[in-house]
Amino acid sequence: MHGEYKVPGGKLVVVDLNVVDGAIADFHLSGDFFLEPDSALEAIDRAVNGLSAEADAAAFAAAVKSALPQDAILLGFSPEAVAVAIRRSLAKATSWRDYDWQLVHSKAVPPVMQMALDEVLATAVGEGHRQPTLRIWEWEEPAVVIGSFQSVKNEVDPVNAVKYGFDVVRRISGGGAMFMEAGSVVTYSIYAPADLVQGMSFADSYAFLDEWAIIALKSLGIDAFYQPLNDIASPHGKIGGAAQKRLGSGAVLHHVTMSYDMDGQKMTEVLRIGREKISDKGIASAAKRVDPLRSQTGLSRAEIIDQLKATFTNLYGATAGDITPEEYAAAEKLVAEKFSTEAWLYRVP
């Protein structure tokens, strides 16, 4: 069995192994990481051989740690990264380059339609009717997109939402509210087979699925990094946040919204951003939480999107595609039956 795990911001960890009578055998660790002393590599191999193939990631990481000499130096990886690679090997996880990716950057649609398209396209990938896809969203109408488990009344000021013309819609993934205006954000969705993140915890998969975006932002001169659980940040502040949903069809939906040129004052009027949420960020006001991409790059939104698309294509390979008429029709049906209904929007009052 073969497993790989690219540490977000770090190096590639590769494992090869067999399973004999329920135990790991012939285990070998390799990769482009740095490890001192040299003898530590053989020590890790010995520690993993004989472990139960049913062990969890924590047990694998503990075994690796116990095998390391006190003066060991690990650069670009960790015992936990080795454990993820082992679990991915045992789960027969795939990698980005195992798929023929499609890149979709299509027309703007109403906010409620964006929610439906996410479900339709992710389901289609899980069922094998669509290639794994990266979709860049376009916006023409302002909206607040709340997470699947958020309360409408706790998150949105209805008077100011009407005042500024914001629709309120609910998505199928968890996480916090997204403040969306035309030209103010960069949003993308990844629709991938669940095998791509097999063997990873939810926390690991967030950073894994967004590493390409971090690379793209760094190429634009932004000192971007992933801040667990689901934030893309820089030394100047938060840039954006991610949310994720695993579907029964066998797909993972992962989407990210990054601020390009956000009106922080308007955001604080439309969203009920509580003092408790702000306090754990170590800042004085909600308006300062989001650091727009424009202020850090000086580039247009279109230029930033072009770099994101180019980076993804260069790393993983992708061909230009579009949403089919049948997918649009399925999304329209889902809007009527689910996303535009009060039962869905107010499922958490």
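Colleague: Hi! Which residues form one aromatic cluster here?

Modeller: Hello! This is a predicted model, and in it one aromatic cluster is formed by Tyr-5, Trp-96, Tyr-99, Trp-101, Tyr-188, Phe-208, Trp-212, Phe-312 and Tyr-316.

Colleague: And how many aromatic pairs does the count come to?

Modeller: The count comes to 14 aromatic pairs. Among them, Trp-137 and Trp-139 form a tilted pair, 5.8 Å from centre to centre with 40° between the planes.

Colleague: Why those two values?

Modeller: A pair of aromatic rings is described by the distance of the centres and the angle of the planes.

Colleague: Nice. Is Trp-137 buried or exposed?

Modeller: Trp-137 counts as buried because its relative accessibility is 1%, under the 20% cut-off. Trp-139 is buried too, at 5%.

Colleague: What else does Thr-94 touch, leaving out residues up to four places away in sequence?

Modeller: Besides Tyr-99, Thr-94 touches Arg-88, Asp-195 and Leu-196.

Colleague: There's another threonine I was looking at. Where is Thr-133 found?

Modeller: Thr-133 is in strand E7, residues 133-136. Its relative accessible area is 0%, so Thr-133 counts as buried. The side chain of Thr-133 also reaches the backbone oxygen of Gln-131 at 2.6 Å.

Colleague: And which residues is Thr-133 in contact with, leaving aside neighbours within four places in sequence?

Modeller: Those are Trp-101, Gln-102, Val-104, Ser-189, Ile-190 and Tyr-191.

Colleague: New topic! How many salt bridges does the structure hold?

Modeller: Twelve. One of them is between Arg-301 and Glu-138, with the closest N and O atoms 3.1 Å apart. Arg-301 belongs to helix H11 (residues 301-316) and Glu-138 to the loop between E7 and strand E8 (143-146), so this pair ties together parts that are 163 residues apart in sequence.

Colleague: Are Arg-301 and Glu-138 buried or exposed?

Modeller: Both Arg-301 and Glu-138 are buried.

Colleague: What about Glu-269 and Lys-163, how do their side chains meet?

Modeller: They meet in a salt bridge at 4.0 Å, N to O. Glu-269 is in helix H8 (residues 264-270) and Lys-163 in helix H6 (residues 158-163), so far as placement goes, and the pair links distant parts of the chain, 106 residues apart. Glu-269 is partly exposed at 22% relative accessibility, whereas Lys-163 is exposed at 56%.

Colleague: Last one, the surface. Which residues make the nonpolar surface patch of about 300 Å²?

Modeller: Phe-34, Ile-73 and Leu-75 make that patch. Phe-34 lies in strand E4, residues 34-36, and Phe-34 counts as partly exposed because its relative accessibility is 49%, between the 20% and 50% cut-offs.

Colleague: And Leu-41, where is its place?

Modeller: Leu-41 is in helix H1, residues 39-48, and is partly exposed at 28%. Leaving out residues up to four places away in sequence, Leu-41 touches Leu-29, Phe-33 and Leu-35.

Definitions and conventions. Residues numbered from 1 in each chain as written. Predicted model: local features only at pLDDT ≥ 70, side-chain atom pairs only at ≥ 80, totals over all residues. Heavy atoms only, no water. Patch = residues over 30% accessible without salt bridge, like charges linked within 9 Å, V, L, I, M, F, W, Y side chains within 5 Å. Areas by Shrake-Rupley, 256 points an atom, 1.4 Å probe, with all protein chains shown as cover. Helix = DSSP H or I, 4+ residues; strand = E, 2+ residues; numbered from the N terminus. Buried < 20%, exposed > 50% of the residue type's maximum accessible area, 1.4 Å probe, protein only. Polar contact = N/O pair within 3.5 Å; in protein donor to acceptor, adjacent residues only side chain to side chain. Contact = heavy atoms within 4.5 Å. Phe/Tyr/Trp six-rings, centres within 6.5 Å; stacked < 30°, edge-to-face > 60°.
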